[in-house]
Amino acid sequence: MLAKLVFLVGTLIRNKKIFSSLRFLRKTDKWDIKQLEKYQLKKCRELLNWAYNNSEFYREKFNEYHVTPDQLKTLADLKKFPVTEKSDLLNFNNDIQINKGFRKLFFSETSGSTGQPLVFYRDQEWDARHRSAIFRGYSWYNVKPWERNGYFWGYNIDAKKSRKIKLADFLVNRFRLFSYKEEDVLNFTNKLKKAAYLEGYSSMIYQVAKIVNQKGVPEKYNLKMIKGTSEKIFDKYHEEVRKAFGKKIINEYGAAEAGIIAFECPAGNMHITMENVIVEEENGEAIITNLLSKSFPIVRYKLGDYIKVNKEKKCSCGREHSIIEAVMGRIGKSIKGKKDNYPSLVFYYVFKNLALNEKLTLNYQAHQDKVGEILVYVEKKLTGKEKMLVKKEFEKYLQHDVKVELQDGHQIERRDGKMKDFVSNLD
Ligand SMILES: [Zn+2]
């Protein structure tokens with residue numbers, strides 16, 4: 001198999017540590033929760049010591065909080081250590097980055113929704129573990145990383161980058177969609193018939209599924225996995241995608257700096273990659289410690305997402321890795337009422353209640369341009385009664401402090417980058 005050979009040689013050249021890393025993760029996949037937590041504590045101590053001794057930023061910060069790494073006796077002690085904000089990673093970038101002592105470093109960049117990109121370098125071990133975590137997830141679906149795959153990702157690619165991307169795609173046997181033009185979509189879905197898996201922004205997977213369904217031509221796909229990344233996966237997406245491609249979208253939750261935080265198993269639960277990250281939930285906010293992040297330590301990092309962790313839940317797949325029950329959206333800006341402010345989490349609850357109690361699953365996007373007023377776009381055409389239900393649900397949370405204007409039958413916009421469920425143009 002040529003594809004397999006190309007992949008293996010490419011991996012050998014790029015980072016051969018991936019092979020041993022993946023073997024390790026396949027083994028720990030079967031560990032019980034005690035073993036996993038014991039391992040986490042050991043790795044966390046190692047990371048804190050390392051950061052304290054090698055990064056000026058963390059040394060000063062720990063000193064300021066009067067904590068030293070030896071105070072970490074249990075995982076619960078991690079709370080004694082200060083949190084790190086995204087702005088810290090940007091403003092103190094040089095004091096956090098550690099280059100000394102690493103043979104090979106891998107460039108990494110995240111665009112971020114607000115301007116300034118975060119640039120950092122991963123060491124070899126970190127890069128290997130990051131990739132292996134993805135590949136282990138694939139293995140849960142019987143997907144081999146060299147199998148043919150379709151990819152939805154930012155299609156506005158400039159010519160300079162396009163050659164580099166073509167080579168990268170070749171190495172991992174991938175083809176991608178560059179536009180929504182009908183012939184491009186048809187060309188893509190044609191290739192998809194021979195692909196093993198599909199991945200990308202979930203809103204794009206959904207868009208293409210809609211086009212496929214509108215064509216109404218039954219096609220045969222043999223996809224083993226459809227993976228959504230980077231964006232909230234709306235419940236509404238699943239029925240359309242299942243109808244078009246025969247599978248629901250599974251969730252890979254993570255971020256470049258935080259690593260692969262969780263991967264959805266075939267039983268439908270998002271298991272935390274406990275070998276790589278510690279996930280804390282504080283006031284609903286995700287705080288991530290990336291246990292592999294030696295070259296750019298990520299300690300108690302406020303990722304900016306609302307999440308819900310469930311440590312008690314047992315999964316029928318047998319894995320004991322803790323479960324993230326829900327990723328409820330970006331923390332971002334709050335909704336500004338005439339009297340009060342409200343967290344953007346309101347949208348999550350409003351639409352979750354509608355789905356649960358009224359069987360009304362909706363795609364939405366909310367905009368705020370004026371204090372005391374929001375405009376909510378809903379993709380579906382609503383009946384009068386449904387409109388009432390939506391308004392009533394908003395009222396529960398916002399009373400009459402925020403006027404809710406509803407526009408149904410409205411295409412949800414997605415520009416470049418991630419699709420957001422709340423766009424506020426207020427300061
Ligand atoms: Zn499971």
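The face of helix α13 turned away from its buried side carries the exposed residues Gly384, Lys385, Met388, Lys392 and Lys396. Here "exposed" stands for over 50% relative accessible area, "buried" for under 20%, and "partly exposed" for anything in between, using a 1.4 Å probe on protein chains only. Helices (H or I, at least four residues) and strands (E, at least two) are DSSP runs, numbered from the N terminus.

This is a predicted model, in which local features need pLDDT of at least 70 and side-chain atom pairs count only at pLDDT 80 or more, while totals for chains, interfaces and linings use all residues. Residues are numbered from 1 along each chain as its sequence is written, and side-chain values use heavy atoms, with hydrogens and water left out.

Back to the helix. The buried residues of α13 are Glu386, Leu389, Val390, Glu393, Phe394 and Leu398. They cover an arc of only 155 degrees around the axis, so they sit on the same side of α13; the arc is taken from the directions that run from the helix axis to the C-beta atoms. These buried residues pack against β14 (335–336), β15 (341–342), α12 (345–358), β17 (373–378) and β18 (403–407), where contact means heavy atoms within 4.5 Å.

How far apart are the end C-alpha atoms of α13? They are 21 Å apart, which agrees with the 21 Å that the 15 residues of α13 (residues 384–398) should span at 1.5 Å a residue. The expected span is 1.5 Å times one less than the number of residues. Just after α13, Gln399 takes a positive phi of about 45 degrees.

On a 1 Å grid over the protein atoms alone, a cavity is a set of points where a 1.4 Å probe fits but cannot get out, and a pocket is an open set with protein on both sides within 12 Å along at least five of seven lines; lining residues have an atom within 4 Å of a point. Grid points are joined across faces, edges and corners, and a volume is the space filled by probe spheres set on the points. By this rule there are four cavities of 30 Å³ or more.

| Space | Volume | Lining residues nearest the centre |
|---|---|---|
| Second largest pocket | about 280 Å³ | Leu75, Ile278, Val279, Glu280 and Lys311 |
| Largest cavity | about 80 Å³ | Tyr206, Gln207, Tyr237, Ile412 and Met419 |

β10 gives the most to the pocket's lining, with four residues, and helix α10 (residues 202–215) gives the most to the lining of the largest cavity, with three residues.
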